[in-house]
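Please examine the sequence and the three-dimensional structure shown here. An account of the fold and of selected local details comes after them.

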Amino acid sequence: MTASPALWQRSATDLADAVRRREVSCREVTTSVLARIAELNPRLNALAEVLADEALASADAADARTLRGEPLGPLHGVPVSIKVNVDQAGHATTNGVIPLKDHIAREDAPVVAHWRSAGAVIVGRSNTATYSSRWFTDNGVHGRTLNPWDAAITPGGSSGGAASAVASGMGALAHGNDIGGSIRYPAYACGVAGLRPTAGRVPAFNPSATSERGITPQLMSVQGPLARSIADLRLGYEAMARPDARDPNWVPMPHELPRPAGPIRVALFKRTPGIPVDPAVTQALDDAARWLQQAGYAVDEAELPCFGEAAALWRTLIVDDTRRNIIAGVEQHGDDLMRRSQRYLLEGMAETDRDGFLDALARRQALLRSWSVFMQTHPLVLMPVSWQRPCPQDEDVASLERARALIDAQSPLLATAALGMPGLAVPTGMAGSAPMGVQLLAWRFREDLLLKAGQAIEDAAHFTPLVAQ
């Protein structure tokens, strides 16, 4: 007879159901997860702050609501983590930056408030990169996060703490954010699922901020969940994507929209000129394409409109925003690795003048139009998360040549972020010690199509994303 899994191993949907049926208490769930954190976090450093006392108090309050017969939210009793770059009342919003280590938030950001009201129990604050600006998770405040599958490869960034925590059982759900792959790449590197929602789908605002975000983050940055299954991802996402008047860009769209007629056509994007593709990436795409076809999708290999230009546009807009908002802070307060990473990102990038920046924003509209027309016939795109398998730690600072190769390899993340599109990273298996996966794209506000297709891939892959250590 197979032993029942420990509570820390169980999914968010399973835990929420068990708590609702009173088969297990929120305190029992939280105690199990905190024990797992105590076992692994000293080595992995996925959680920059462990909130044991707060979590147990929240669990006890949740159990009291259960006993009183009060209505229970969809995440009632589910252990989660929150990234250290969003406000959580009573805790520092450090963003991995030394001067912000005592920047204590007085109220919750929308995503935190929404998960709390849905019943989630926050067990910790997950680590990030300095200024949340690398595909690696390391900073001078909280130190380095390791990938639970292989310490020699990156856990991804900037939501590497979130991905490492979920993959190792330190919470069933994790919050992340994504302006250039910071949900999707950590999910890929740690073998879990990660959803980048459409810009405007999940409300975002840091009450502790001293100024508004620049135009580039307003267009590209999103909040989203990471989880070990598509079902859990859906649960966490729908709990996040509720209104909050503090974000005027939030769009009141239903979670389910009419399904396209007939078999859904999927554009399979396998290569782009001038960028080498790892054979393991090609294999993952071929496997996922076959699984989607078996599930009733029509898969066609296709080129994407203006793909390289969209990736280049991301770099133009981000670099100009970086020059205005981050460069001085990194040089003064960043760690040495972050400084070198930033210099390599900026190398060869001429500063854009006012008219050049406005022209780039205008060109973005033309690119959006081309993708919108393309996706009328192909509502889904199957493509890599990266053209290379998860890379070694600090690949972005090894040399200028390797940094440029890494940026090229991440073009599937950059092009889609530049256009504010939703994307889903789905694990497919392993390539040696490194997890592998694919990325699905849909047009704006079609997260429902992403999650359905992602479920088909997950069902066929039979991959267990939980690291058994």
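The paragraphs below proceed from the sheet to its strand pairs, then to a helix and a loop residue.

This is a predicted model, in which local features need pLDDT of at least 70 and side-chain atom pairs count only at pLDDT 80 or more, while totals for chains, interfaces and linings use all residues. Residues are numbered from 1 along each chain as its sequence is written, and side-chain values use heavy atoms, with hydrogens and water left out.

Helices (DSSP runs of H or I, at least four residues) and strands (runs of E, at least two) are numbered from the N terminus; two strands pair if DSSP finds at least two bridges between them. On this basis, an open sheet of mixed pairing is formed by 11 strands, in the order β1-β3-β2-β4-β6-β5-β10-β11-β9-β7-β8. Its edges are β1 (47–50) and β8 (298–301); each has a single partner strand, so one side of each is left without a neighbour in the sheet. From one strand to the next, the twist averages 30°. Helix α3 (residues 52–67) packs on this sheet and touches β1 and β3 (121–126), contact meaning heavy atoms within 4.5 Å. The direction of α3 makes about 160° with that of β3, where axes are lines fitted to C-alpha atoms, for helices over the stretch in contact, and angles run from 0 to 180 degrees between N-to-C directions.

Strands of a sheet pair through backbone hydrogen bonds, either parallel or antiparallel. Both senses occur around β9 (residues 380–383): 4 bridges join β9 to β11 (residues 434–442) in antiparallel fashion, whereas 3 bridges join β7 to β9, which run parallel. Met383 has Gln439 in β11 as its bridge partner, and Leu268 stands opposite Leu382 in β9. Strand β7 (residues 265–268) also pairs with β8, in the parallel sense, over 4 bridges. Ala267 is there the bridge partner of Asp300 in β8.

Helix α16 (residues 447–461) has 15 residues, which at 1.5 Å a residue should span 21 Å; its end C-alpha atoms are 21 Å apart, which agrees. The expected span is 1.5 Å times one less than the number of residues. Buried residues (under 20% relative accessible area, 1.4 Å probe, protein chains only) of α16 include Leu449, Leu450 and Ile457. Among the elements covering the buried residues of α16 are β9, β10 (423–431) and β11. Just after α16, His462 takes a positive phi of about 55°.

Finally, Thr137 is found in the loop between β3 and α5 (160–167). Thr137 counts as buried because its relative accessibility is 1%.

Notes:
Buried < 20%, exposed > 50% of the residue type's maximum accessible area, 1.4 Å probe, protein only.
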